[in-house]
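Dear colleague,

Please find below the structure that I am handing over to you. My findings follow directly after it.

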Amino acid sequence: MDAYEKLVAEAEADHSGYWSRLAREFLGWKTPFTRGLDDSQAPFFKWFEDGTLNVSWNCLDRQVERGLGDKTAIIFEADDGQVTRASYRELLARTCRMANALKARGVKKGDRVVIYMSMSIEGVVAMQACARIGATHSVVFGGFSAQSLRDRIQDAGAVMVVTADEQVRGGKPLPLKAIVDEAIALGGCETVKNVVVYRRTGGPIGWVPSRDRWLHEETQGQPETCEPEWVGAEHPLFVLYTSGSTGKPKGVQHSSGGYLLHAALTTQWTFDLKPADVFWCTADIGWVTGHTYIAYGPLALGATEVVFEGVPTYPDAGRFWKMIQDHKVSVFYTAPTAIRSLIKAAEGNPEVHPRRYDLSSLRILGSVGEPINPAAWEWFHQHVGGGRCPIVDTFWQTETGGHMITPLPGATPLVPGSCTLPFPGIAAAIVDETGADVPNGQGGILVVKKPWPSMIRTIWGDPERFKASYYPPELKGFYLAGDGAIRDAKTGYFTITGRIDDVLNVSGHRMGTMEIESALVSCTALVAEAAVVGRPDDTTGEAICAFVVLKRARPTGDEAKKIANELRNWVAKEIGPIAKPKDIRFGDNLPKTRSGKIMRRLLRSVAKDEPITQDTSTLENPAILAQLSERN
Ligand code: 6R9
């Protein structure tokens, strides 16, 4: 903790100088920067702006130059258990060939490339290849629907989509290319010149000869070297779409220099990474965790990492433990929702209990995506970590680029359920609605008082929304995270109390209630009105509960079940299966104030099957609550 305090003090004394020192230590620059933070156009902050670098050079060439060419960069385990490895030298060669292939198709610096891929070495290579030529990638999670994919392609104005024929999860092939075809057929994707397809399964797919290209044909004969495009530190490395409080997802734009610095730094410090470690982050590259802690951070440090195609429950719920054993994983980073479902599975079947496996290689455990409840923490600590591995509960967001509040293993004394203290240099604080500090022990709004290198730069194409979402005027120039938090009166430790906006967290996936509502009401044949709220769920953290008014009479019994199912499938088609409401209830109306506002706080109580104790005097139609309490 002394070392931690020292770093905190260094950052406090000279914020820009502290980050500049680390940017010089952790990254290789083509042209050194002369200035750290530029806040002249706040809240559009810039870091290391006159420096140039290349992210892929930092992740690959640099490792080869350091003598790590033969070190395994990626251990890939496919859904069916087949293992393939790529050394740093091989990863560099594959990245260069793909970069050359992209260039040959006219992709240039600043162009956007959408990546809609399975978890694979090729997925990481595609991201690195974009970085190499200065193209801005936008990875779309393979579980999103054609409609969602189309919206993202269109918003990003992508010139190319990189995809796979299919992905394999839990023994089943699932379409990817077919969904790209469907997305483009929806219209509005005229910017897309080529669709490049990685052959994963060889399953049947459609083909548009003027547009579609096989990745293996494109890369065949391409040179294994490719001069990196040296870009300014602020050059957009990627845009990643995430849910906000309105219906339209936000394209979170990240930089090259500042982002990579924090990716490398946090991977190093939060996971105390050592050269011999085998690091495994179980996230998908479609989420920010897969960007920072699979595609960039570990590679920027020359680490060996596991990349997994499949799901934790196939062929059985011992898969994670078996993989830790087989690959001698030493640092394991996963999500509370996975832990909770594996606890359930292990309780039901001793064969898949972690004690059946040799997990002695583990050194450090990590958690991300949602609050980890103390019971899950204890189980993870005891049964996975053998009571000896620190758990780093890392709080951060798509917008923050990397860890914000987290223990440092071996240093920070741990408290289950608390993400403990800010990462050195991150000015996290808790304030009230006016931006004034609240005392420890009292909850409030989580903010970050000073800019940091890996912060969101803007919302792609919508700087006004960026300002309004993250820098509301009443907060005096502090970054608004969108979460509530409380600090312990004695230790000052942070505990995140959950989102304070209309964003839900279901199995660690971020979803806007408005997004789901607009999907429901877009079913114009059936739905007149819909309101969506979250309710606590033992396994998924939060569950989606939708209250729906139909255009026809309120259904009951089997008819209600049937329509609820239709609507679930509709939402899956509009957004993706992850957005399917768990619970759909029908009413003749929704609880509204006399001025017509939906009273969501009442709906939240109804969703929880809680007795209504709140004030309902402003409610126009109190009888509706009993109706909405009926489950289908
Ligand atoms: C990395 C990631 C961000 C939201 C965030 C918060 C929740 C993430 C957490 C956590 C409590 C943690 N969250 N980590 N809550 N403890 N350790 O998950 O990014 O998908 O953008 O979600 O997730 O609510 O605001 P993202």
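Pro315 sits in the loop between β17 (304–308) and α11 (319–327); here helices (H or I, at least four residues) and strands (E, at least two) are DSSP runs, numbered from the N terminus. A cis peptide bond joins Tyr314 and Pro315, with omega at about -5 degrees. Another cis peptide bond links Ala42 and Pro43, where omega is about 0 degrees. Pro43 belongs to the loop between β1 (37–38) and β2 (46–47).

This is a predicted model, in which local features need pLDDT of at least 70 and side-chain atom pairs count only at pLDDT 80 or more, while totals for chains, interfaces and linings use all residues. Residues are numbered from 1 along each chain as its sequence is written, and side-chain values use heavy atoms, with hydrogens and water left out.

The loop between α11 and β18 holds Lys328. Its phi is near 50 degrees, a positive value in a residue other than glycine.

Next comes the sheet. Seven strands form an open sheet in the order β5-β4-β17-β16-β18-β19-β20, with mixed pairing; two strands pair if DSSP finds at least two bridges between them. At the edges are β5 (83–87) and β20, each of which pairs on one side only. From one strand to the next, the twist averages 20 degrees. Within the sheet, β18 (residues 331–334) and β19 (residues 364–368) pair in the parallel sense over four bridges, and Val331 stands opposite Ile364 in β19. Helix α4 (residues 88–104) packs on the sheet and touches β4 (72–77) and β5, contact meaning heavy atoms within 4.5 Å. The direction of α4 makes about 85 degrees with that of β5; axes are lines fitted to C-alpha atoms, for helices over the stretch in contact, and angles run from 0 to 180 degrees between N-to-C directions.

Which residues come nearest to the ligand? Of the 17 residues around the ligand, they are Asp393, Thr394, Thr398, Asp483 and Arg499; a residue counts as near if one of its heavy atoms lies within 4 Å. An N or O atom in the side chain of Arg499 is 2.8 Å from an oxygen atom of the ligand, and one in the side chain of Asn505 is 3.4 Å from a ligand oxygen atom. The protein covers 95% of the 530 Å² of accessible area that the ligand has on its own, by the Shrake-Rupley method with a 1.4 Å probe.

Yours sincerely

Technical notes
A polar contact is a pair of N or O atoms within 3.5 Å; within protein, one must be able to donate a hydrogen and the other to accept it, and residues adjacent in sequence count only if both atoms are side-chain atoms.
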